[in-house]
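Hello,

Here is the structure I promised to pass on. Please have a look, then read my notes below.

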Amino acid sequence: MARHYRYISADGHFESPPEQWTHRVPKQYRDRAPRRIRLPNGHDGLLIEGSRLIYGGTSLYGGRAPENFDSTIMDFDQTPGCGSAEQRLREQDEDGIDAEVLFALDVRNAAIRDKSALIAIVHGFNQYMAEEYCAVDRDRLIGAAVLPNVGAEEDIAEMESCKRLGFKVAWLRTYPSGKSYPTPEDDRFWAAALDLDISLVVHTSFPAHVGSRETPLFKYPREPEGEQRPPTDFVQRLARQGPFHTGSVEASQLVVSGVFDRFPKLQIYWAENNVGWLPYFYEQMDHEYSVNRFWAERHLGLAKLKRLPSEYLREHAYWGFFEDHVGVRLRHEVGVDRMMWSTDFPHVVTRWPQSLKFLESQMRGVPEDERRKMVALNAVKFFRLDHNPDPAEQK
């Protein structure tokens with residue numbers, strides 16, 4: 001039965017302790033999955049293969065008062081947002097929201113070089129989320145499937161499995177090929193995602209943003225050597241117009257690669273980036289493209305784009321915001337149809353359990369039809385949710 005959605009957080013986080021899901025990982029790989037330990041001070045620590053001990057951070061904030069929060073302490077059992085699915089639904093009710101899209105940040109561990117182990121851990125988590133956690137209420141607990149990102153075929157196989165499990169969303173941590181820039185191999189994945197009708201999400205950005213000769217941001221059709229190689233990176237010139245870790249790099253890479261020309265129905269959501277910077281980014285990336293494309297065509301073999309970079313993003317990109325008064329004021333420059341509100345619960349920027357109170361302060365003067373789009377209807381459309389509209393939405 002369709003649900004009437006008033007408020008959807010398009011970016012929340014699954015932060016429950018790993019033992020809640022690692023029983024779904026095959027036994028031979030279970031010791032390579034994340035593990036909670038008890039520290040001498042009585043608080044929690046996380047052991048993740050290839051990483052230093054995690055004993056704190058800002059992920060387990062859970063609505064504490066800022067003056068009382070201690071980033072050197074982790075305590076799963078005493079932090080809202082870190083419990084069972086039933087607890088999560090009660091926390092949604094307390095916050096006044098109807099549903100969340102949930103990301104699990106510590107599942108895909110790039111330090112695990114054994115492809116079989118990594119895929120098994122990822123698949124075990126996805127099975128748990130679909131069959132145990134989200135199954136408690138699939139309309140309200142909208143899990144983002146984790147992909148291994150070790151090759152397009154492996155990602156397609158996991159995405160197909162996740163579709164059968166009932167997932168509506170797949171989350172990219174890097175390009176499907178496993179590289180930090182688009183490759184022709186990725187096209188098989190984009191085509192499969194469209195065929196499966198799976199929504200694709202980048203959470204903030206991909207981990208590595210460099211753009212040097214040693215760690216490139218793009219594989220150009222021509223790669224001149226020595227003094228024939230331009231000393232500036234073309235994609236980086238476009239991407240640097242946006243703040244670091246906001247999706248500007250991936251957005252620029254995808255535009256320059258021509259993926260939106262090859263897949264005109266492809267839509268991608270960049271979560272948790274806020275949006276006030278986008279009008280400036282769009283203007284400046286167009287300017288950078290207009291004055292730099294000629295040497296990029298000559299030296300790097302890049303074909304001229306059919307449209308300006310910003311035109312592709314206005315049509316193919318969605319963006320998430322949590323608390324962005326400037327972005328809401330600039331919503332018509334960003335695109336009201338392209339903005340999705342979120343609470344980021346239980347991470348440190350969350351206002352839980354008063355999210356709606358702080359949302360109201362952003363939405364003063366915003367017409368009701370535009371507000372509904374940003375807080376629910378854009379998410380309904382992008383994530384293909386079964387929504388029962390009220391009469392005002394049908395006008």
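The largest nonpolar core takes in 110 residues. Keep in mind that this is a predicted model. Met159, Trp190, Phe234 and Phe383 have the most contacts inside that core. Helix 3, residues 115-133, gives the most to this core: 10 residues. In soluble globular proteins, nonpolar side chains tend to be buried together.

Start with Met159 if you want a way in.

Another core lies apart from the largest one. This other core has five residues, among them Leu46, Leu60, Phe76 and Cys82.

Now the pockets.

The largest pocket holds about 500 Å³ of space. Its lining counts 23 residues. Nearest the centre of this pocket are Arg108, Asn109, Ala110, Arg113 and Thr174. By class, the lining has 11 nonpolar, six polar and six charged residues.

The second largest pocket holds about 320 Å³. Here 20 residues form the lining. Glu15, Leu46, Ser59, Met74 and Asp106 lie nearest the centre of this second pocket. Its lining splits into 13 nonpolar, five polar and two charged residues. Note Leu46: this residue belongs to the core of five residues and also lines the second largest pocket.

Over to you.

Best wishes

Methods: Residues numbered from 1 in each chain as written. Predicted model: local features only at pLDDT ≥ 70, side-chain atom pairs only at ≥ 80, totals over all residues. Heavy atoms only, no water. Core = buried A, V, L, I, M, F, W, Y, C linked by side-chain atoms within 4.5 Å. Buried < 20%, exposed > 50% of the residue type's maximum accessible area, 1.4 Å probe, protein only. Helix = DSSP H or I, 4+ residues; strand = E, 2+ residues; numbered from the N terminus. 1 Å grid on protein atoms, 1.4 Å probe; cavity = no way out; pocket = protein on both sides within 12 Å on 5 of 7 lines; lining within 4 Å. Points joined across faces, edges and corners; volume = space filled by probe spheres on them. Nonpolar A, V, L, I, M, F, W, Y, C, P; charged D, E, K, R; others polar.
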